Amino acid sequence: NRRIVLASRPKGAPVAENFRHEESSLPALADGQLLLRTVYLSLDPYMRGRMSDAPSYAPPVALDAVMTGGAVSRVVESKDANFKAGDWVVASSGWQDYATIDAKLVKKLEGAALEHPSLALGVLGMPGFTAFMGLLDIGEPKPGETVVVAAATGPVGSLVGQIAKIKGCKVVGIAGGEEKCRYAVEHFGFDECLDHREAHLDKRLQEACPRGIDVYFENVGGAVFDAVLPLLNTKARVPLCGVVSQYNAQGLPKGEDRLTLLTSTILKKRLRIQGFIIFDDYGHRYPEFAKQMSEWFSADKIKFREQIVQGLENAPESLIGLLEGKNFGKLVIQVGKE
Ligand code: NDP
């Protein structure tokens with residue numbers, strides 16, 4: 001069994017030496033357990049947080065332990081009556097070829113995901129659920145309002161934009177590079193998409209949002225948030241989903257302290273900024289998402305883009321790239337054959 005463990009904790013951006021490739025033997029199956037063979041491993045920005053031992057909403061990966069990660073797998077052997085060999089499942093089974101895991105922690109794939117299993121890690125899974133709940137429950141978009149979202153071609157951002165369009169909003173995306181921006185407009189149906197790597201994002205965003213911003217779905221933080229803040233309308237909503245531009249940061253940013261600018265803007269404009277952790281806060285509402293998304297998906301109202309990298313050995317480099325915006329679409333490692 002090949003697996004990748006956390007060898008050391010990164011200082012700043014992760015490097016290849018923070019990971020170690022190992023061979024391990026598998027423990028015997030106990031009653032109620034499954035042996036899974038990993039087919040697709042999801043790479044997600046939250047993994048950077050788990051590599052660090054700073055206090056967070058979830059415990060860190062221990063040193064020398066297998067890297068954590070959601071995966072789509074096939075059941076090889078089952079000691080649980082609800083599963084049989086060959087079943088397609090999704091579970092947090094980590095960066096490895098095989099995993100033994102309690103059947104209680106495993107979910108069978110269903111519906112459209114059975115036709116296209118890797119989508120259970122993207123639009124039909126955790127990132128899709130995140131976009132759906134964050135936008136609809138916290139963002140509360142109304143027809144005619146302006147919604148802004150960054151990381152616009154990623155699994156969360158691309159779905160936020162598409163759901164906001166379904167709800168009758170004007171959608172402005174922000175993404176890294178001209179190609180991603182063109183794709184957000186042509187493929188995902190955004191009204192506009194701005195490149196955050198080009199100069200004067202603040203002015204371009206103001207031009208793109210002449211009626212201000214009613215919902216800003218926060219994925220990235222940093223310079224993008226600086227450009228958004230002055231454009232937020234009174235009573236704007238900000239679902240705070242992630243701040244990926246800061247995940248490799250080793251301290252607070254240098255420069256002027258802008259905390260009072262933020263708090264006084266929240267006060268004057270009566271902003272609602274709310275953080276959320278998808279399964280902790282909304283786990284009980286997963287069936288709502290699954291039902292609505294499968295309706296939209298089968299009616300061809302939802303588009304997606306995946307970037308599938310072959311080989312478990314390429315997971316570390318791919319995660320390092322994800323944190324720099326090198327991925328284009330939902331990043332998935334194909335670990336084994338279907
Ligand atoms: P993506 O696949 O979109 O990957 C991250 C993207 O972030 C990169 O491709 C890049 O896109 C962008 N990015 C990276 N660095 C910067 C930077 N310095 N400035 C601006 N953009 C940057 O990720 P996901 O769709 O999976 O996740 C999006 C966000 O949602 C993340 O913050 C993630 O942590 C969060 N999340 C939160 C959850 C929750 O429960 N709260 C659950 C799931 C995700 P580009 O090149 O376009 O800039």
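1. The structure is a predicted model, in which local features need pLDDT of at least 70 and side-chain atom pairs count only at pLDDT 80 or more, while totals for chains, interfaces and linings use all residues. Residues are numbered from 1 along each chain as its sequence is written.

2. The chain is divided into domain 1 (2-121 + 305-334) and domain 2 (126-279), with bounds that come from an automatic or database domain assignment. The centres of domain 1 and domain 2, taken over C-alpha atoms, are 28 Å apart. To their contact domain 1 gives 14 residues and domain 2 gives 15 residues, two residues being in contact if their C-beta atoms, placed from the backbone, lie within 7 Å. The side of domain 1 that touches domain 2 has 5 nonpolar, 5 polar and 4 charged residues (Ala, Val, Leu, Ile, Met, Phe, Trp, Tyr, Cys and Pro count as nonpolar, Asp, Glu, Lys and Arg as charged, and the others, Gly among them, as polar).

3. The ligand is surrounded by 31 residues, of which Gly-154, Gly-176, Gly-242, Ser-245 and Gly-325 are the closest; a residue is near a molecule if its C-beta atom, placed from the backbone, lies within 6 Å of it. Both domain 1 and domain 2 contribute at least three residues each to this shell. By class, the shell around the ligand has 17 nonpolar, 12 polar and 2 charged residues.

4. Helix H3 (126-139), helix H4 (155-166) and helix H7 (222-228) are the elements that give two or more residues to the shell around the ligand, and the largest share, 3 residues, comes from H4. Helices (H or I, at least four residues) and strands (E, at least two) are DSSP runs, numbered from the N terminus.

5. H3 also packs against helix H10 (residues 286-298), at an angle of about 100° and with the axes 10 Å apart, the axes being lines fitted to C-alpha atoms over the stretch in contact and the angles running from 0 to 180 degrees between N-to-C directions. H3 is therefore roughly perpendicular to H10 (a term for angles of 65 to 115 degrees). Gly-128, Phe-129, Phe-132 and Met-133 of H3 meet Tyr-286, Phe-289 and Met-293 of H10, a contact with 6 nonpolar residues, 1 polar and no charged.

Note on methods
Parallel < 35°, antiparallel > 145°, perpendicular 65-115°, else oblique.
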